[in-house]
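Please keep the viewer open as you read.

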Protein chains: 2
Amino acid sequence: MWPGLEALPWRWAGGAALGLGLALLVRGWRRRRAPRREVLFFPSPVTCPAALLGEPGSAPCPCPLPHGDSPLARLLRRLLSARRSLELCLFAFSSPQLGRAVQLLHRRGVRVRLVTDADYMALPGSQIGRLRQAGIQVRHDQESGYMHHKFAIVDKKMLITGSLNWTTQAIQNNRENVLIVEDAEYVEPFLAEFERIWEENDPANYTFFPTKKEQK
Amino acid sequence: MWPGLEALPWRWAGGAALGLGLALLVRGWRRRRAPRREVLFFPSPVTCPAALLGEPGSAPCPCPLPHGDSPLARLLRRLLSARRSLELCLFAFSSPQLGRAVQLLHRRGVRVRLVTDADYMALPGSQIGRLRQAGIQVRHDQESGYMHHKFAIVDKKMLITGSLNWTTQAIQNNRENVLIVEDAEYVEPFLAEFERIWEENDPANYTFFPTKKEQK
């Protein structure tokens, strides 16, 4: 007989409790770590975004728009979950609701960086000027092809990407898709692509070639 | 002593072999089931697609194009892996390489169905007419908004989606992304979206409204 064997039932109970605790811990950790995988399809009905974009605790919006859920409301919620950083790589950006969401994140102290297409940054109703005026860092491409991406990265962990340009036309009228993705196999290459485009289009490194007229 | 205990080492060995076999089986199964998660970024260098699109065993192509890997070659390879079905939901389709790949799959007996945008199906170099002539089922939307999706579903298991329109301009000049996805959380909603659009645009159910002139 080993010394202390009389305490065996207590040891068993202690071991079982420890095992159970560990199992619950691992289960909780795995639950927290389960990557979000979600698809939104558009066109989206127009719903009131006031509850998402307003001050917490403010009175319910009296506007006649429906106040329920919609693909646009879900897209806004995912974006507004940002706490630290938001990378935006957007061909066209003219949706006022999405513009207000980005400005709100900027005011909350989230580091917002935006790359857009040079030809489409001045489309009617473009949000780019307003975001720049609000102090948000904006860069645009300098290539002959289009900067045709339409993605956002929230807190370097959640990728929002698809066919949807951030315009009212696309949100309300087109057949579009948006994927919400947390798998690192997608998020990391998109982050690297963002950093590549961001650095390539740093205005400090612009090369100003003489125009054809000046070359003469 | 239990009867037969003298055979214990053999039992152990048998049990261990059984356990090892089961572990290998589960490992192999999990390997086969690991969903593919891949990202392709464009623009893509122009590479020769002959080895992918030609007859098996034919002589190497003597053309001066590079014959290595490229995002376009990888996209072609994923598409050409189809054995039973290919659903295509494409805003614009004018890439001759991708057109050849779809025709090749049709000739191999893969069931190809294609939905495209009514306004963009006649863009210069459109593949839609050729695919129809080859006997592929094609439908187009009838809505005022665009059918702006750009996705393909291979054998109802692999989703190929992103910002990339299937045009040479987009492939060779634009900043674009394509995700290769096998997670059911994405594939199933996209399949349902395809079936919805396919049924909605069945020509047998077209309603022909009188034009404004006829209403007078």
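What follows is a short report on a predicted model.

**Aromatic pairs**

How many aromatic pairs does a search of the whole structure find? Over all chains, the search finds 14 aromatic pairs. One of them joins A:Phe93 and A:Trp166, and another joins B:Tyr120 and B:Tyr146. Their geometry is set out here.

| Pair | Centre to centre | Angle between planes | Type |
|---|---|---|---|
| A:Phe93 and A:Trp166 | 5.3 Å | 85 degrees | edge-to-face |
| B:Tyr120 and B:Tyr146 | 5.7 Å | 90 degrees | edge-to-face |

The pair of A:Phe93 and A:Trp166 links distant parts of chain A, 73 residues apart. To find it, look for A:Phe93 in the loop between strand E2 (85-90) and helix H4 (96-107), and for A:Trp166 in the loop between strand E6 (158-162) and helix H6 (168-173). Both A:Phe93 and A:Trp166 are buried.

In chain B, B:Tyr120 lies in the loop between strand E3 (111-116) and helix H5 (128-133), while B:Tyr146 is in the loop between strand E4 (137-140) and strand E5 (150-154), so their pair ties together parts 26 residues apart in sequence. Are these two tyrosines buried or partly exposed? B:Tyr120 is partly exposed, with a relative accessible area of 31%, and B:Tyr146 is partly exposed as well, at 28%.

Ring pairs also bring residues of both chains into a cluster: A:Phe41, B:Phe151 and B:Phe190.

**Arginines over tryptophans**

Two arginines deserve a look too. In chain A, the charged end of A:Arg113 sits over the ring of A:Trp198, 5.4 Å from its centre. In chain B, B:Arg139 lies over the face of B:Trp198, at 4.0 Å from the ring centre.

**Helix H7 of chain A**

A:Trp198 also belongs to the buried residues of H7(A). This helix covers residues 184-200, 17 residues in total, and spans 24 Å from its first C-alpha to its last, close to the 24 Å expected. Its buried residues include A:Tyr186, A:Phe190, A:Phe194 and A:Ile197. Viewed down the helix axis, the buried residues of H7(A) fall within an arc of 165 degrees, so they line one face. As background, an α-helix has 3.6 residues a turn, so residues three or four places apart point the same way.

**Where the chains meet**

The contact draws 35 residues from chain B and 35 residues from chain A. About 3,000 Å² is buried between the two chains, and carbon and sulfur atoms give 56% of that area. Which three residues supply more than any other three of the area that chain B buries against chain A? They are B:Arg37, B:Arg175 and B:Tyr186, which supply 29% of it.

Definitions and conventions. Residues are numbered from 1 along each chain as its sequence is written. Chains are lettered from A and ligands numbered from 1 in the order in which they are written. This is a predicted model: local features need pLDDT of at least 70, side-chain atom pairs count only at pLDDT 80 or more; totals for chains, interfaces and linings use all residues. Side-chain values use heavy atoms; hydrogens and water are left out. Rings of Phe, Tyr and Trp (its six-membered ring) pair if their centres lie within 6.5 Å; planes under 30 degrees apart count as stacked, over 60 as edge-to-face and the rest as tilted. Helices (H or I, at least four residues) and strands (E, at least two) are DSSP runs, numbered from the N terminus. Buried means under 20% relative accessible area, exposed over 50%, partly exposed in between (1.4 Å probe, protein chains only). A charge sits over a ring if NZ of Lys or CZ of Arg is within 6 Å of the ring centre and within 35 degrees of the ring normal. The expected span of a helix is 1.5 Å times one less than its number of residues. The arc is that of the directions from the helix axis to the C-beta atoms. Contact means heavy atoms within 4.5 Å. Buried area is the accessible area (1.4 Å probe) that two parts lose on being put together, summed over both.
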